[in-house]
Amino acid sequence: MTTKAAAANGTSQQDAKFLEAIGTCIDEMKQIRKSMKKTDTEIRRLQASTRRNLDQTWEILRDVKASH
């Protein structure tokens, strides 16, 4: 059985359900991508911080080694 709206645009009720499911999936993928962008930004920030800390640590070690 088709709804009036579905019948008017030539889609069956099953097609309408598939389209709705696809729309839901697309919305979910958008949210996942948004979350991934946030995570990627946080990872880049942490990488930069780690690199700075590592550089500082190596500098300290070089100074200690040079003084002995």
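**Salt bridges along a helix**

Arg45 forms a salt bridge with Glu42, and their closest N and O atoms are 2.7 Å apart; a salt bridge here is a side-chain nitrogen of Lys or Arg within 4 Å of a carboxyl oxygen of Asp or Glu. Side chains of opposite charge can pair when their charged atoms come close. This is a predicted model, in which local features need pLDDT of at least 70 and side-chain atom pairs count only at pLDDT 80 or more, while totals for chains, interfaces and linings use all residues. Residues are numbered from 1 along each chain as its sequence is written, and side-chain values use heavy atoms, with hydrogens and water left out.

Both Arg45 and Glu42 lie in helix α2, 3 residues apart, which is about one turn of the helix. The protein chain has 2 helices and 0 strands, where helices (H or I, at least four residues) and strands (E, at least two) are DSSP runs numbered from the N terminus.

A search of the whole structure finds 3 salt bridges. Arg51 forms one with Asp55, the closest N and O atoms being 3.2 Å apart, and these two residues are 4 residues apart in helix α2, about one helical turn.

By contrast, Leu19, which is in helix α2 (residues 13–67), counts as exposed at 53%.

Methods:
Buried < 20%, exposed > 50% of the residue type's maximum accessible area, 1.4 Å probe, protein only.
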